[in-house]
Amino acid sequence: MRRGRIFVLIVAILLLILVVLFLFARILGGGGSESLPGAGSAIHAIEAAGYSNVRITGIDMFSCTEGDIFQYTFSARNANNVPVRGSVCGGGLAAWTIKVK
């Protein structure tokens with residue numbers, strides 16, 4: 001019985017690794033980060049805050065809180081057409097929080 005549990009644990013870990021690799025491949029491979037879960041909604045929230053040319057550039061696991069489902073980094077232009085970078089966190093029941101660096 002113990003071998004069965006270990007096998008299930010190994011399979012679960014391998015599936016988790018595959019999902020993470022897939023997400024990174026989508027971002028780094030130029031496959032369109034907008035196709036990431038929640039990215040479209042995050043882009044709309046950033047645009048509604050007055051930014052333009054918004055592009056999701058990666059996943060941000062350090063600038064957000066535990067309650068945030070989606071955690072992304074982005075690049076955009078502010079109202080003065082100056083390039084900015086930042087983080088956008090939220091999704092689900094949480095409102096989007098935009099942090100410009």
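Serine 87 has lysine 99 in β4 as its bridge partner. The model is predicted, and for this reason local features need pLDDT of at least 70, side-chain atom pairs count only at pLDDT 80 or more, and totals for chains, interfaces and linings use all residues. Residues are numbered from 1 along each chain as its sequence is written, and side-chain values use heavy atoms, with hydrogens and water left out.

**Exercise 1. State the order of the strands in the sheet and find its edge strands.**

Step 1. Strands (E, at least two residues) and helices (H or I, at least four) are DSSP runs, numbered from the N terminus. Two strands pair if DSSP finds at least two bridges between them.

Step 2. Go through the pairs. β1 and β2 are antiparallel and joined by five bridges. Between β2 and β3, also antiparallel, there are eight bridges. β3 and β4 have five bridges, again in the antiparallel sense.

Step 3. The four strands make an open sheet with the order β1-β2-β3-β4. β1 and β4 pair on one side only, and they are the edge strands. On average, neighbouring strands are turned by 30° against each other, direction ignored.

**Exercise 2. Describe the two hairpins and the residue with positive phi in each turn.**

Step 1. Take β2 and β3. Five residues lie between them in this hairpin, and asparagine 81 in the turn has a positive phi of about 65°.

Step 2. Take β3 and β4. This hairpin has two residues between its strands, and in its turn glycine 92 has a positive phi of about 65°.

**Exercise 3. Is arginine 85 buried or exposed, and which residues does arginine 85 contact?**

Step 1. Locate the residue. Arginine 85 belongs to strand β3 and is the bridge partner of serine 75.

Step 2. Apply the cut-offs. A residue is buried under 20% relative accessible area, exposed over 50% and partly exposed in between (1.4 Å probe, protein chains only). Arginine 85 has 52% relative accessibility, so this residue counts as exposed.

Step 3. Compare with the strand. In β3 (residues 83-91), seven of the nine residues are buried, so the strand is largely enclosed by the rest of the structure.

Step 4. List the contacts (heavy atoms within 4.5 Å). With neighbours within four places in sequence left aside, arginine 85 touches Thr57, Phe74, Ser75, Lys99, Val100 and Lys101. From arginine 85 to valine 100 the C-alpha distance is 5.9 Å, although the two are 15 residues apart in sequence.

**Exercise 4. Find the buried side of α2 and what packs against it.**

Step 1. List the buried residues of α2: Ala39, Ala42, Ile43, Ala45 and Ile46.

Step 2. Check their directions. The arc (of the directions from the helix axis to the C-beta atoms) is only 160°, so these residues are on the same side of α2. An α-helix has 3.6 residues a turn, so residues three or four places apart point the same way.

Step 3. Look at the other face. The exposed residues His44 and Ala48 are on the face turned away from the buried side.

Step 4. Find the partners. The buried residues of α2 pack against β1, β2, β3 and β4.

**Exercise 5. Which residues touch the most other members of the largest nonpolar core, and which element gives the most to this core?**

Step 1. Define the set. A nonpolar core consists of buried Ala, Val, Leu, Ile, Met, Phe, Trp, Tyr and Cys residues joined through side-chain atoms within 4.5 Å.

Step 2. Read off the members. The largest core has 13 residues, and Ile56, Tyr72 and Val88 touch the most other members. Two or more residues come from each of α2 (39-48), β1 (52-59), β2 and β3. The most come from α2, which gives four.

**Exercise 6. Describe the ring pairs that link Phe70, Tyr72 and Trp96.**

Step 1. State the rule. Rings of Phe, Tyr and Trp (its six-membered ring) pair if their centres lie within 6.5 Å; planes under 30 degrees apart are stacked, over 60 edge-to-face, and the rest tilted. By this rule there are three aromatic pairs.

Step 2. Take phenylalanine 70 and tyrosine 72. Their rings are stacked, at 6.3 Å centre to centre with 10° between the planes.

Step 3. Take phenylalanine 70 and tryptophan 96. The centres are 6.3 Å apart and the planes are at 15°, so this pair is stacked. Phenylalanine 70 is in β2 (residues 70-77) and tryptophan 96 in β4 (residues 94-100), so the pair ties together parts 26 residues apart in sequence.

Step 4. Tyrosine 72 is buried at 5% relative accessible area, whereas tryptophan 96 is partly exposed at 22%.

Terms used: Axes are lines fitted to C-alpha atoms, for helices over the stretch in contact, and angles run from 0 to 180 degrees between N-to-C directions.
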